[in-house]
Amino acid sequence: MMSRGRFRKTALVVGLSFLYLPILSMIVFSFNNSRLVTVWDAAHSPTLKWYSALLSNGHILDAAWLSIRIAAVTATLSVVLGTVAGLVLARFGPFRGRALLAGLTTAPLVMPEVITGLSMLLLFVALEHAIGWPDGRGFVTITIAHVTFCLSYVTVVVQSRLAGFDDSLEEAALDLGARPARVFFSITLPLILPAIISGWLLAFTLSWDDVVISQFVAGPSASTLPMVIFSKVRLGVSPDVNALASIMVAVVALCVVCSTLWMRRLERRRQLEEQMARAAGG
Amino acid sequence: MTLARLKEILAGEYGRRVVIGVPYAWLLAFFVVPFLIVFKISFSEVRFSMPPYAPLFELTEDGAHWRAIFNLGNYHYLIADSLYIATFAYSIKVAAVSTLICLAIGYPMAYAIARARESTRNLLLMLIVLPFWTSFLLRVYAWVGLLQNDGVVNNVLLAVGLIDQPLTLLYTDFAVYVGIVYSYLPFMILPLYSNLEKHDLTLLEAAADLGARPMTAFLRITLPLSIPGIVAGCLLVFIPAVGEYVIPSLLGRSDQLMIGRVLSDEFFANRDWPVASAVAIVLLVGLLLPILVFQRYQNREIEAARR
Amino acid sequence: MSDRTIDRGAEYVRIEAVTKRFGDFVAVDQVSLSIKRGEIFCLLGGSGCGKTTLLRMLAGFETPSAGRILIDGQDMAAIPPYERPVNMMFQSYALFPHMTVARNVAFGLEQEGLAKADIERRVQEMLEIVQLRDYAQRKPHQLSGGQRQRVALARALVKRPKLLLLDEPLGALDKKLREQTQFELINLQEKLGVTFIVVTHDQEEAMTLATRIGVMNKGQIVQVGTPTEIYEFPNSRFVADFIGSVNIFEGSLVEDEPDHVRIRCEELDAPVFVSHGISAAPEARVVVAIRPEKIGMSRDRPTVTDNVAHGVVKEIAYMGDISVYLVRLDGGRMVRVTIPNTERQTDERIVWDESVYLSWQPAAPVVLST
């Protein structure tokens with residue numbers, strides 16, 4: 001019989017390999033010279049030719065630029081709306097319609113994308129039919145659709161962060177003479193800033209990554225990067241997508257590792273300071 | 001309006017309503033209203049026009065009266081054609097099996113992370129979350145290369161001598177399971193972890209003190225206490241998996257589609273918006289219960305954070 | 001126990017028939033109080049008795065469902081928390097975690113739009129008073145519990161409020177620190193002349209701090225008085241039981257004179273003689289409350305006919321300064337007696353299972369209506 005420690009370690013190693021080996025294989029094959037993705041051309045590899053092919057592919061670059069713009073606007077709008085929603089749910093106490101708002105903000109978290117995509121498109125078609133707006137579909141419609149599902153994630157993140165803080169902090173500020181708007185900007189906002197930042201990143205990633213909803217609400221003229229990738233890979237493997245994937249993994253890994261190290265340093269400093277305070281007593 | 005006046009408004013009861021109203025208005029306009037439209041269209045008939053459906057209310061030919069056309073035909077069509085029933089059943093099966101596999105892989109991992117030393121715990125969590133930040137689409141695509149007949153998996157198996165001939169892995173149910181489990185595993189692990197991490201370890205010591213062996217203690221203490229985490233993780237995998245579109249499109253069979261693909265095909269290929277809407281409504285109604293259960297869990301989690 | 005001199009100043013806070021309902025639950029029920037300038041008034045009660053809700057209504061975080069609150073003669077109804085001449089010290093301290101000690105203390109003054117130099121000066125003065133000058137640049141998480149408590153106090157007092165509300169001000173401190181801080185708090189209050197309203201569930205804390213105590217139960221004020229009055233002359237069984245420990249006997253009035261009464265209790269052999277008159281109907285059922293420290297214990301029968309009982313010692317708890325004896329009377333009733341340990345352990349000491357007589361002075365019992 002396996003000891004418990006060994007069992008846990010095995011579970012982790014197997015599980016993490018399952019998560020990482022596919023990504024690793026993509027990275028490896030992005031340096032493969034052969035067009036046949038699966039055959040390693042040892043003679044001429046590693047090569048950077050797929051990376052240069054990628055960077056000279058105007059179609060992909062345009063799509064990437066559109067995706068970045070949509071993701072940035074989506075993330076910013078989601079953060080504003082999601083923060084307000086999170087604040088309302090966590091701090092405004094009971095009000096009529098609170099349960100509905102709570103429901104509406106959590107539903108998109110699990111809603112199948114095809115349903116969200118279809119319903120958004122039908123709304124835009126009906127709106128265009130009725131009032132002539134939105135005139136055609138593209139950047140604006142994709143962004144609206146993305147904000148709608150991203151704001152739920154931001155709401156949950158902000159709401160949980162607020163729930164971890166005592167209401168009395170805001171009450172204390174009121175008690176010391178700060179008006180509600182001032183309380184929000186000098187107390188609440190600084191406290192939830194980490195949640196707002198991670199909410200922004202989350203919304204950016206979700207928007208950047210979305211293919212199904214975009215496919216519904218994008219017009220024929222607008223293609224986001226995932227839409228381009230999707231139509232490419234539906235036809236089978238293509239090595240330049242491997243290169244693209246590798247770049248994205250590298251960027252993300254760099255960001256996540258840096259931010260984690262940074263957060264950990266902050267945390268460690270905080271712990272140290274707390275220990276010192278305890279040692280000092282008083 | 002002076003700035004002071006604006007401040008006054010924002011501070012008062014009126015301002016409170018404005019603040020509540022902003023996210024409310026957005027969600028009503030872009031989440032609730034779209035569903036009502038889908039609901040409405042699911043009762044109309046196809047037309048060769050733009051938009052390609054008949055209005056529910058239209059003027060009679062003489063122009064004197066309004067006529068409501070309330071057409072149940074689309075729903076009848078879904079029931080009558082065995083294709084749709086089979087598709088629904090297949091989607092639920094795929095989602096359910098994938099969920100169970102996720103649980104089987106995710107539980108031990110979540111457990112191992114929750115019991116790891118605190119310093120390694122954060123690193124492990126980061127490793128679980130990291131793939132989530134990279135493109136979902138590209139991670140599914142990675143499996144196309146792995147599962148092909150001359151793909152990495154087959155090559156390795158051939159080289160080791162486990163098989164003589166390449167297995168057909170891609171475009172099978174197996175590939176879909178792999179794809180879903182692979183993409184959704186973090187969603188299983190995270191709620192499980194956040195539950196398991198909160199367990200009071202002295203409970204296990206108490207159980208051991210009272211004579212329970214480790215396995216008994218796990219089955220009688222840890223497992224029952226982790227049920228909320230299991231439920232949340234399973235719902236977080238199951239609900240989106242039922243409507244999954246990308247994974248079966250890239251990895252799945254072409255003779256048996258999942259419901260998300262059928263919906264999209266009805267819409268884009270057949271341009272039958274009413275039937276697509278009816279499919280969406282049926283799917284939504286079917287998922288309503290799990291969604292409500294998930295919401296209850298989610299709200300309780302947030303309340304619990306209040307302490 | 002001696003009460004500190006009460007500054008019989010003018011009325012400062014007036015609470016008129018204030019009621020607060022949360023749905024069907026009545027948290028505060030028809031409370032009326034008058035609190036004078038310069039008092040330390042303690043609201044004392046168990047959890048859920050409505051004391052914190054009352055405090056939050058004074059601060060303006062809750063609106064009364066009925067009744068009025070006047071501070072310095074001004075009706076507070078339409079005044080938001082940030083415009084009230086009142087500051088509060090929160091139970092959790094509610095120190096802003098992202099600001100230094102100095103910034104925390106300065107926050108309230110900044111809201112008043114004072115000049116920067118004035119703010120700086122007043123913050124320094126205040127930190128001096130609470131002995132935290134060296135900690136001005138620390139963040140709250142770098143402080144110990146006692147230091148945090150002092151920052152919270154400084155932050156509230158620096159605005160020079162006429163009225164300071166304190167919600168369980170010492171609740172988060174350990175016992176030793178709590179005792180020391182109690183006296184610091186009193187000194188500070190006397191120096192600054194601020195009116196304090198303190199909410200606490202800890203009767204010892206209330207006794208030490210308060211000039212007057214309002215005991216609350218189920219949303220109502222059941223008794224208001226100085227600590228001595230509350231302890232020596234509780235007006236109800238609830239107050240007698242809640243403040244300190246007490247032996248309670250039920251009985252009926254057998255002799256009712258203006259200067260004394262005699263009560264027959266079923267659980268006591270001898271009648272209870274009380275050396276002051278009470279207002280009750282003849283033959284009425286009454287409750288007699290006797291504090292454990294007011295009961296004497298001896299091996300020999302005292303030469304009295306009233307106020308005596310016989311029993312057997314069943315439990316002894318040595319507490320250091322005192323010992324607590326549980327004595328079973330002949331009728332079966334357990335009585336609690338505390339005896340100060342004035343001498344070192346001697347053989348004279350009464351031990352387990354000894355037969356003893358309990359007796360008390362005629363002034364000791366308090367008669368309560370049932």
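A: Let us begin with a pair of strands. In this predicted model, strand β16 (residues 308-318) of chain C runs antiparallel to strand β19 (residues 355-360) of chain C, and five bridges join the two. Within this pairing, C:A309 lies opposite C:L358 in β19(C).

Q: To which sheet order do β16 and β19 of chain C belong?

A: The order is β15-β19-β16-β17-β18 (chain C), an open sheet of five strands with antiparallel pairing. The edges are held by β15 (295-298) and β18 (334-340) of chain C; each has a single partner strand, so one side of each lacks a neighbour in the sheet. From one strand to the next, the twist averages 45 degrees.

Q: Which strands make up the open sheet that contains β11 of chain C, and in what order?

A: This open sheet has five strands in the order β13-β12-β11-β14-β20 (chain C), with antiparallel pairing. Here β13 (272-274) and β20 (366-369) of chain C are the edge strands, and because each has a single partner strand, one side of each is left without a neighbour in the sheet. Its neighbouring strands are turned against each other by 40 degrees on average, direction ignored.

Q: How many bridges join β11 and β12 of chain C?

A: Strand β11 (residues 247-256) and strand β12 (residues 261-265) of chain C are paired in the antiparallel sense over five bridges. In this pairing C:G251 faces C:C265 in β12(C).

Q: Let us turn to charged pairs. How many salt bridges are found over all chains?

A: The search of the whole structure gives 33 salt bridges over all chains. One of them joins B:D173 and B:R253, whose closest N and O atoms are 3.0 Å apart. This pair connects distant parts of the chain, 80 residues apart: B:D173 is in helix α8 (residues 173-196) of chain B, and B:R253 is in the loop between α12 (246-251) and α13 (259-268) of chain B.

Q: How many residues does each chain bring to the contact, and what is the count of polar contacts?

A: Chain A brings 90 residues and chain B brings 93 residues. The count between chain A and chain B is 10 residue pairs in polar contact, both residues at pLDDT 80 or more, while the count of salt bridges between chain A and chain B is zero.

Note on methods
Residues are numbered from 1 along each chain as its sequence is written. Chains are lettered from A and ligands numbered from 1 in the order in which they are written. This is a predicted model: local features need pLDDT of at least 70, side-chain atom pairs count only at pLDDT 80 or more; totals for chains, interfaces and linings use all residues. Side-chain values use heavy atoms; hydrogens and water are left out. Contact means heavy atoms within 4.5 Å. A salt bridge is a side-chain nitrogen of Lys or Arg within 4 Å of a carboxyl oxygen of Asp or Glu. A polar contact is a pair of N or O atoms within 3.5 Å; within protein, one must be able to donate a hydrogen and the other to accept it, and residues adjacent in sequence count only if both atoms are side-chain atoms. Two strands pair if DSSP finds at least two bridges between them. Helices (H or I, at least four residues) and strands (E, at least two) are DSSP runs, numbered from the N terminus. Axes are lines fitted to C-alpha atoms, for helices over the stretch in contact, and angles run from 0 to 180 degrees between N-to-C directions.
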